[in-house]
Structure formats: C-alpha cells, structure tokens
Amino acid sequence: MKFLPYQFRETQSDFFGKKGISWHISCLVTKSENEEFDLQCYVHILENGSQGWFSVANIILHLLTNIKSTRPTLKEVFLKSDNAACYHCTNLLAFIQQNNGQFPIKVAEYNFSEAQSGKDLCDSKTGSCRMHIYKYANEGHDVLNPRSMKLALDSYGGVKGTQSCIVTVNADDEPKTKIRMPGISTYNNFNFENDGIIARKAYKVGEGHVIKTSTQYSETISVERVYKLEVLEPFAQDQPISGKLNKFADSRIEDTHDQQPSLERINLCQKTA
C-alpha cells in the first residue's frame with residue numbers, strides 16, 4: 001500500500017490518476033531488565049525505489065546501522081513481518097544468511113505471520129502516521145511528495161516514538177540472481193546459523209529443514225553489490241520519546257511513553273505501507 005498525495009483543497013479531477021508514495025515502517029520492540037516492553041518506530045519514505053526485496057534489504061541494513069549507532073550494546077535482532085513477496089522470498093533470506101556476519105547487528109531469526117494474521121504494531125503505527133499527516137494537511141498544507149510527507153510527520157513534535165527519513169534506492173542496481181529455496185512458501189520460521197538456515201513451518205515445531213549456506217551463495221548478493229541506499233534526509237539526531245507497552249491481565253496492550261533503556265536483544269517488526 002502507498003500513501004496517496006493529499007491536497008488541502010482538491011478538485012474531483014485531481015483525485016484520479018495519482019501516483020502513491022512508497023513508505024516502509026519498522027517497529028523496534030525492546031525488553032528492559034524490569035520486564036517492560038518499549039516501542040520505537042522508524043519510517044523510511046522512498047523517493048525512488050520499488051517495493052521489492054532489493055529495497056527491503058537496503059532499508060534493513062540502513063536501519064540496523066542506525067540502531068547500532070544509538071544502541072551500541074545491542075547484539076542481535078529477531079525480525080517479524082507479514083508474507084508479502086518483498087519479505088517472504090529467497091533473495092532476501094539468502095542475502096541475510098550470506099552477509100549476516102557483516103551486519104552491524106546479527107539477525108538471529110526471521111518469523112512470518114500466518115495467513116490472515118498479518119496485522120501487527122506496524123499497521124497500528126501506520127494509522128497514527130496517516131492521521132498525523134491528514135491533520136497537518138487539513139490546516140492548509142499540501143502533502144504531494146516525500147519531503148512534504150516528512151515535514152507533515154515531523155510537524156508539532158512528530159508522532160510519539162516515531163522517526164522518519166527520506167531515502168532513495170535505484171532499482172536499476174538490483175542484482176540478478178537465480179537462487180532457489182524449494183518450498184520456501186510453506187515455512188514461516190527461519191533461524192540463521194553459521195552453516196545454514198533452519199526452516200520450520202511454525203516456531204520451534206520439529207527439528208526443521210536445514211538449508212546449507214553453500215547452496216545459496218552468490219557473489220551478486222554481497223553487501224557491496226546490494227547496499228545502494230542513499231539517504232536524502234536522515235532521522236532526527238535527537239532520540240525521541242519511546243512508547244511503552246504494558247501487558248494487562250486480559251492481554252490488551254496499553255501504549256504510554258517513557259525513555260528508551262539499553263538492551264542486548266530486540267524484536268523488529270516491519271511493514272511496507
């Protein structure tokens with residue numbers, strides 16, 4: 001899904017034929033020593049770039065680099081997303097496995113939502129961001145391009161616990177590869193080990209199927225060949241207030257705000273909106 005440009009005053013003819021603005025939302029969930037969960041969200045607005053594995057790979061690497069610079073004690077992340085083709089694909093998983101040792105933070109595991117269960121924190125944050133943009137536009141502003149979209153997101157102190165940046169990824173730089181993982185669509189849990197990927201149909205169910213690194217290796221998906229992202233407007237330098245997730249007895253979650261603690265393990269939920 002894309003964000004459609006929005007004008008303060010718009011004729012009916014202007015509404016049709018719009019080209020949406022691609023944006024990618026990642027939610028960083030951390031656990032502190034006192035067993036509390038904190039939420040930090042990152043919005044990547046793409047000026048150029050398609051919604052494919054190549055753009056996602058660049059965004060993940062840029063995000064890990066940014067997180068490592070602000071939280072140097074972090075050692076590994078656990079990724080989670082829905083089953084969109086830009087996530088649940090051979091190229092992205094092979095890229096992570098092959099270059100995991102070069103990443104600023106190691107990717108320990110990747111989990112995909114089961115069918116019809118893809119909604120998560122990222123979808124909730126997408127709604128909050130949309131309403132913040134519409135509020136800004138309804139005060140007499142036009143949101144027609146990535147820069148005005150970032151300006152809207154950062155207006156009035158921005159959305160709590162959320163940072164935004166503008167990036168560009170040239171789709172012409174996407175490497176051509178012929179890596180295959182038979183039956184990849186049937187697996188939802190992937191553990192990245194030194195000698196290969198352990199794929200399971202569900203989390204910690206069975207011994208899993210081992211996919212050797214040697215069978216997925218390709219020079220075309222090295223970090224040097226893949227990471228072509230250019231940052232046009234970076235994240236804000238000041239660390240924003242993060243959201244706090246408190247569990248209740250009835251399993252509901254309350255979103256409050258507090259300062260971000262330092263941690264060594266994180267969960268990262270991502271969504272291409």
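Phe 3, Tyr 6, Trp 23 and Tyr 134 are linked by ring pairs into a cluster. Two rings of Phe, Tyr or Trp (its six-membered ring) count as a pair if their centres lie within 6.5 Å; planes under 30 degrees apart make the pair stacked, over 60 edge-to-face, and the rest tilted. The structure holds 10 aromatic pairs. One of them joins Tyr 110 and Phe 112, a stacked pair with 4.4 Å centre to centre and 10° between the planes.

Before we go on, a word about where these values come from. This is a predicted model, in which local features need pLDDT of at least 70 and side-chain atom pairs count only at pLDDT 80 or more, while totals for chains, interfaces and linings use all residues. Residues are numbered from 1 along each chain as its sequence is written, and side-chain values use heavy atoms, with hydrogens and water left out.

**More about the rings**

Phe 112 also pairs with Phe 190: their ring centres are 5.8 Å apart and their planes stand at 90°, so this pair is edge-to-face. Phe 112 lies in strand 4 and Phe 190 in strand 6, so the pair ties together parts that are 78 residues apart in sequence. Helices (H or I, at least four residues) and strands (E, at least two) are DSSP runs, numbered from the N terminus.

Are Phe 112 and Phe 190 buried or exposed? Both are buried. Buried means under 20% relative accessible area, exposed means over 50%, and partly exposed is in between (1.4 Å probe, protein chains only). Tyr 110, at 0% relative accessibility, counts as buried too.

Rings can also have a charge over them, which requires NZ of Lys or CZ of Arg within 6 Å of the ring centre and within 35 degrees of the ring normal. Arg 9 lies over the face of Phe 8, 4.2 Å from the ring centre. Likewise, the charged end of Lys 135 sits over the ring of Tyr 156, 5.9 Å from its centre.

**Two positive phi angles**

Tyr 156 has another feature to look at: a positive phi of about 55°, although it is not a glycine. Lys 204 has a positive phi near 55° as well, again in a residue other than glycine. As background, most residues other than glycine have a negative phi. Tyr 156 is in the loop between helix 5 (146-154) and strand 5 (162-168), and Lys 204 is in the loop between strand 7 and strand 8 (209-212). Tyr 156 counts as exposed at 58% relative accessibility, and Lys 204 is exposed with a relative accessible area of 63%.

Helix 3 (residues 90-99) is mostly covered, with 10 of its 10 residues buried. What covers them includes helix 2 (53-70), strand 3 (76-81) and strand 4 (106-112).

**Links across the sequence**

Contact means heavy atoms within 4.5 Å. Asn 58 is found in helix 2, and Thr 177 in the loop between strand 5 and strand 6. The table gives one partner for each.

| Pair | Apart in sequence | C-alpha to C-alpha |
|---|---|---|
| Asn 58 and Val 169 | 111 residues | 7.7 Å |
| Thr 177 and Ile 221 | 44 residues | 7.7 Å |

Leaving aside neighbours within four places in sequence, Asn 58 is in contact with Val 169, Val 226, Tyr 227, Lys 228 and Leu 229. Thr 177 touches Asn 91, Ser 218, Thr 220 and Ile 221, not counting residues up to four places away in sequence. Asn 58 counts as buried at 0% relative accessibility, and Thr 177 counts as buried at 19%.

**The whole chain**

The protein chain has 6 helices and 12 strands. Buried residues make up 51% of its 273 residues. Among contacts between residues at least 6 apart in sequence, 72% join residues at least 24 apart.
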